[in-house]
Amino acid sequence: MLRRYGSGLTLLICLLVAFWLLMLVIVPNITLFEQSFRPYLPVTEIGGPRDVYSLDNFLKVFNGDTQITLFGRSFAIPVHVLTFALTILYSILVTLICFALAYPLAYYMAKIVNPKTLPTLLLLLFIPLWVSEVLRAFAWWIILALKGPLNSLLLFTGVIDKPVRWIVDYNGVVIGLVYTYVLFMLFPIYNAVQSLDTNQIEAAEDLGAPWWKIHLKIVMPHAKPGIASGAVMVFMLSAGSLLVPSILGSTTSQWFTQTIDQWFKDALDWNTASAYALLLLILCTVFVSLAMWLFKVKLSDIAK
Amino acid sequence: MSAGIQLDDVCCDFGSFRAVDHATVDIKPGEFFSFLGPSGCGKTTILRMISGFIEPTSGVIRIGGQDVKGKRPNQRPTALIFQNLALFPLMPIWENIAFGLEMRGVDKAARRAKAEELLRLVDLPGAADKMVSQLSGGQKQRVAIARALAVEPSVMLLDEPLSALDLKLRQHMRAELRAIQKRTGVTFIYITHDQGEALAMSDRVGVMSQGRIQQIADPREIYNNPVNGFVASFVGENNIIDGTAGPAAGGLAGFDTALGGLRARISPEALGRPVKLYVRPEHTILTEAPGPENAVPVTVTEVSFEGAFISVLTQTETGKVLAAEIRNDGSATVPAIGAKLYASFSAERAALLPDATVRG
């Protein structure tokens, strides 16, 4: 790099990268980390005798029980733990739906479509990304509204006879997240499938494999690293999304990021908010590592 | 067990390009049949039509007497060995071999046993639990053969499977393939651009050019009696001499050339068509005195001693280069460069053949 760009430019690039890493990644995260162990105190008491490190902020997730019914039995569960569990659950659902949508399309793009029409197809997939995420979430909010175009269409075609309230519970959030993050699933899988030698698919067929076994035994194992990295991205982005749950959420949906947001902005308790944010980061990382171990995916596979 | 294959007036078009042009061939059960031709001659298309990956544009393909139109590759009793072998890198060797059996619902113990048995057949015992990447080129080759044999196909289709191997291994695998074919009795259809391979292994060879089958015959016939210039020059070396044929009598015809009047065999089909004279270097004799017929005075320009034979290049007075091969019987004299000799050949050994690209 030194030889190609000269010492001046090389120094500038290195400084910019160092600034980005230090000031925009490391310092904020360390601040968050440090803040999360300190109590929320009036300004005059900061640095005073009560300002000591503790795990109190983290333990707040266990405060305030709520009742839920599961398999006909009633449980008491801390409300923030429930929110977290539902966030993970629905993020998994989003990931699964994204996979179900992206895998066939990725296979089609990599192995079936005429290479000449592929650029057009890619363009069509990319065009929605030119619109801001806020606008797209609002667009879905309008589409799914009680008197929105989706209900009008379904009423007009006679599929339903009275309008359906689509944005109830987590429906809107799941739809919005799938729409927002499906491409993060599509492209890693597309790349992985594309690198598969077509002869292997033909060899499997020639040896008598029906189409679904070809996918199960040949294509999917080959694409596993791509599927894994797509799944990790979609899951992490979904669990960490604030915008989509805020716009497409219903009165009965609560995303864990919204809880964090409420600690920051409504309670103005940045310390607890930091603790919750850290908790989300750690638990999601643990969850992903667990899933990767379960599916025998190595970190080096994903990095490819 | 083994099945015959008939192609009946089969054509295959890709857009406006005709890849296979009215191919008709009857391959017998248990035969080792090779399609020989340069790249792009349509031989791979024929193979892919037989295996079911491409449907012919017109014509009928029968395997074991059954029209296979509309049948997918997984419904045909054929097994294809790909040029790049297409082994499954994520499976151990035995699972590769047993893949077809797994698809047929054979239980694991039986699959394993069959895989071991086939590994012994292809002379690779003990490789069952290795991965594909651990094997050498020749070993992968054997695994690919075993994988195809595992499904007990009636017909094995081989798409230049030896082209990636080095010369020594290739010659060894030729003999091996031939032996496996004899042992199993399965019909082999072999695609190659290597004439040596086709001649050495096959019961019959179909020589192809520009989508057409030019000649179907046993290797000896292909080499000794090519039907046209393409077959003659694609299979083996030739001295080719331009000229005009005179009237034929008793299968022989005079041939007017710049080198003087020559005589050679002419087939009834070639009568009345523009022809050239083809004579192989090993049938071209160099002598000090003019030979009894077809003698052309030449000057030796290049001599190379190849061991089993001596390859000599000569030039005629008109500048035409004629090649000759002298068999080294231990006492053969090597001609000196610049020596004035006579090149001659027997009219029985030379053929007047129509041009290479016969169409229509």
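Biologist: How many aromatic pairs are there over all chains?

Modeller: The count comes to 20 aromatic pairs over all chains. Note that this is a predicted model.

Biologist: How is such a pair described?

Modeller: By the distance of the ring centres and the angle of the planes. Take B:F230 and B:F234: their centres are 5.4 Å apart, with 15° between the planes. Planes under 30 degrees apart count as stacked, so this pair is stacked.

Biologist: Where do B:F230 and B:F234 lie in chain B?

Modeller: Both belong to helix α8, residues 229-234 of chain B. They are four residues apart, about one turn of the helix.

Biologist: Is B:F230 buried or exposed?

Modeller: B:F230 counts as buried because its relative accessibility is 11%, and the cut-off for buried is under 20%.

Biologist: Which residues form one aromatic cluster in chain A?

Modeller: A:F84, A:F256, A:W263 and A:Y276. One of these rings also has a charge over it: A:K60 lies over the face of A:W263, at 5.4 Å from the ring centre.

Biologist: Now the sheets. How do strands of a sheet pair?

Modeller: Through backbone hydrogen bonds, either parallel or antiparallel. In chain B, four strands make an open sheet with antiparallel pairing, in the order β2-β1-β4-β5.

Biologist: Which strands of that sheet stand at the edges?

Modeller: β2 (17-27) and β5 (66-67) of chain B. Each has a single partner strand, so one side of each lacks a neighbour in the sheet.

Biologist: How many bridges join β1 to β4 in chain B?

Modeller: Five, between β1 (residues 5-14) and β4 (residues 58-63), which run antiparallel. B:C11, for instance, has B:S58 in β4(B) as its bridge partner. Helix α1 of chain B, residues 43-51, lies across β1, β2 and β4. The helix runs at about 115° to β1(B).

Biologist: What is the order of the six strands in the other open sheet of chain B?

Modeller: β6-β7-β8-β3-β9-β10, with mixed pairing. The edges are β6 (78-81) and β10 (212-217); each has a single partner strand, so one side of each is without a neighbour in the sheet. On average, neighbouring strands are turned by 20° against each other, direction ignored.

Biologist: Which way do β6(B) and β7 run?

Modeller: Parallel, with four bridges joining β6(B) to β7, residues 155-159 of chain B. B:I81 stands opposite B:L158 in β7(B). Helix α4 (residues 137-150) of chain B packs on this sheet and touches β6 and β7. Its direction makes about 165° with that of β6(B).

How values were computed: Residues numbered from 1 in each chain as written. Chains lettered and ligands numbered in written order. Predicted model: local features only at pLDDT ≥ 70, side-chain atom pairs only at ≥ 80, totals over all residues. Heavy atoms only, no water. Phe/Tyr/Trp six-rings, centres within 6.5 Å; stacked < 30°, edge-to-face > 60°. Helix = DSSP H or I, 4+ residues; strand = E, 2+ residues; numbered from the N terminus. Buried < 20%, exposed > 50% of the residue type's maximum accessible area, 1.4 Å probe, protein only. Lys NZ or Arg CZ within 6 Å of the ring centre and 35° of its normal. Pairing = 2+ DSSP bridges. Contact = heavy atoms within 4.5 Å. Axes fitted to C-alpha atoms, helices over the stretch in contact; angles between N-to-C directions.
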